[in-house]
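Subject: Structure handover

Hello,

Here is the structure I promised to pass on. Please open it alongside this note.

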Amino acid sequence: MSFRSAAKESAFLVLAALLPLTGCHSKPEPNTVVMVIESSPNNLDLRIGTDAQSERIGALIFDPLVRKDDHFNPQPWIAESWQQPEPTRMVFHIRHGVTFHDGRPLQAEDVAYTIRSLQDGSLVTSKGASLNSITSVETPDDYTLVMHLKQPDASLLFNLSDGLFGIVPRGSGKELGNAPIGSGPFRFISQVVDKDVVLERNPQSWSGVPKLERIRFAVIPDAVTTALELRKGSADIASNVITQDMVWAMRNEKNIVIDVGPGSILNYINFNCTDPLLKRREVRQAIALAIDRAPVIHALFRDHARPAASLLPNGHWAQATATELPDFSFNPDRARRLLDSAGFPAKADGTRLTLTMKTSTDETTRLLAAILQQQLRGVGIDLQLRSNEFGTFYADVTKGAFQIYGLRWIGSNEDPDIFRYTASTKSFPPKGANRGHYSNPAVDALIASAAIEPDQAKRRVLYVRIQQILAEDAAGVNLWYLDNTVIHSRRVTNIHPNPSASYDFLREAELTQEAR
């Protein structure tokens, strides 16, 4: 069976599963919105958690120093304003009247402590590397923070923004993720791993008290089950969780609203560049050439995705254009020639080599892996699949126990600092997310130069060259940008998703009067 027919069969099966539920609705939880997530957060302490659920839920609990606008530019938040009187010194003026969820006032020393804790080795975290340009912080008074830098850092403000950075009370240790205390619009109530996370609104939220009284993030790793829960009314919201086939199957449901728009979420696969087979550039290039994106986007995502050639989202000022990048579009003949030249001729059964891809157990990821398995078979690569629940899968990824894996970038790819985080030799875990241990001195030098270049036009030239080298080396394969799809019950209103696919829309969402 082809992957096209498999995708159509998937849609048919979803429809068949949903039809028997007509007229069957569970009573929703009063004053509580139930939002489905695919997996438990790895760690709700934003200093440590790097997975999507940690960052998206954590951003509702913690406040950042600055906050990104719709164009990914930093705007005032806990820092009401800032100045840079000299290239290596920044002065931030901290907002008055902000309190943590336990009543303590948020002051400049809390921001300073958060930064120091990311740098002093007291936490096992990869996020400290994004603040390496900071040599010291000081607080001349309760509401002034001074950062001293070893060199100018054009990406520093982005790395201090929402989802990536959360201010913690001074003295908070590595156990904070078990019962996080922040100053954001929602406060932590409980978490049961692989079951749920419960938040309640913060009545003292300085940025506006949310309309929603309580949110329960229910962990449901199976997309079909998620669709059924939405259909029954026992779940209210799912953001980019169920497959587009399932979204299509639910498009005429009278109690369901579907919002779809462009997104910056990037699907990608990554290689272990130290693996005996994958350290050969020709093998990585052959894999890139064997992947046919267009029919996958059409069949699996119902055209709610766009091909990606870069980590940076479409329209980004630093994104390399198609004409600036080497062509690694679908070309199986070229892939076979590369494998021949690398010393992997086809055997009698057509197989040239065997590789293993690790994935999580969510429905879309499993189906995507099966499609990639079929496409790579066409050039003689036998791709074995290994699926685990997200915690196990992610642990393997972060410690380098993989040949190939597939994941998504959500938010972090909206700033060109993503290249330092994922491709610099200095960013091997736990200091960064260069999980495949890719190393290229030319890329390292370009990243270092771009980080201190204040002129955006000159920075773009450097970042385009980085993207060209990464594409030629096939350090990983950027697949597609997913549209942002939020499906929700009509009992929840005033939902306005953003391209980053964060959960910020929960700040303004509300229950209808009859649902309260």
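Below are the notes on confidence, the sheet and a helix pair.

This is a predicted model, in which local features need pLDDT of at least 70, side-chain atom pairs count only at pLDDT 80 or more, and totals for chains, interfaces and linings use all residues. Residues are numbered from 1 along each chain as its sequence is written, and side-chain values use heavy atoms, with hydrogens and water left out.

**Confidence**

pLDDT is the predictor's confidence in each residue, from 0 to 100. The protein averages 91, and 94% of the residues score at least 70. Residues 1-12 are the ones to watch: their pLDDT is below 50. Beyond near neighbours in sequence, that stretch has 17 contacts in the model (contact: heavy atoms within 4.5 Å). Where pLDDT is low, predicted coordinates should not be read in detail.

**The sheet**

Helices (H or I, at least four residues) and strands (E, at least two) are DSSP runs, numbered from the N terminus. Strands pair if DSSP finds at least two bridges between them.

An open sheet is built from 4 strands, in the order 4-5-7-6, with antiparallel pairing. Strand 4 (79-86) and strand 6 (134-141) are at the edges. Each has a single partner strand, so one side of each lacks a neighbour in the sheet. On average, neighbouring strands are turned by 20 degrees against each other, direction ignored. Axes here are lines fitted to C-alpha atoms, for helices over the stretch in contact; angles run from 0 to 180 degrees between N-to-C directions.

Strands 4 and 5 form a hairpin with 2 residues between them. They pair over 5 bridges, and Ala79 stands opposite Ile94 in strand 5. Strand 5 (residues 89-94) is also joined to strand 7 (residues 144-149) by 5 bridges. There, Met90 faces Met147 in strand 7. Helix 3 (residues 108-119) packs on the sheet and touches strand 5, strand 6 and strand 7. Its direction makes about 160 degrees with that of strand 6.

In helix 7 (residues 281-290), 8 of 10 residues are buried (under 20% relative accessible area, 1.4 Å probe, protein chains only). Among them are Arg284 and Gln285.

The axes of helix 7 and helix 9 (residues 332-341) come within 8 Å and cross at roughly 165 degrees. The two helices are therefore roughly antiparallel (angles over 145 degrees). Residues of helix 7 that meet helix 9 include Glu282, Gln285 and Leu289. On the helix 9 side, Arg334 and Leu338 are among the residues involved.

Best wishes

Note on methods: Buried means under 20% relative accessible area, exposed over 50%, partly exposed in between (1.4 Å probe, protein chains only). Angles under 35 degrees count as roughly parallel, over 145 as roughly antiparallel, 65 to 115 as roughly perpendicular and the rest as oblique.
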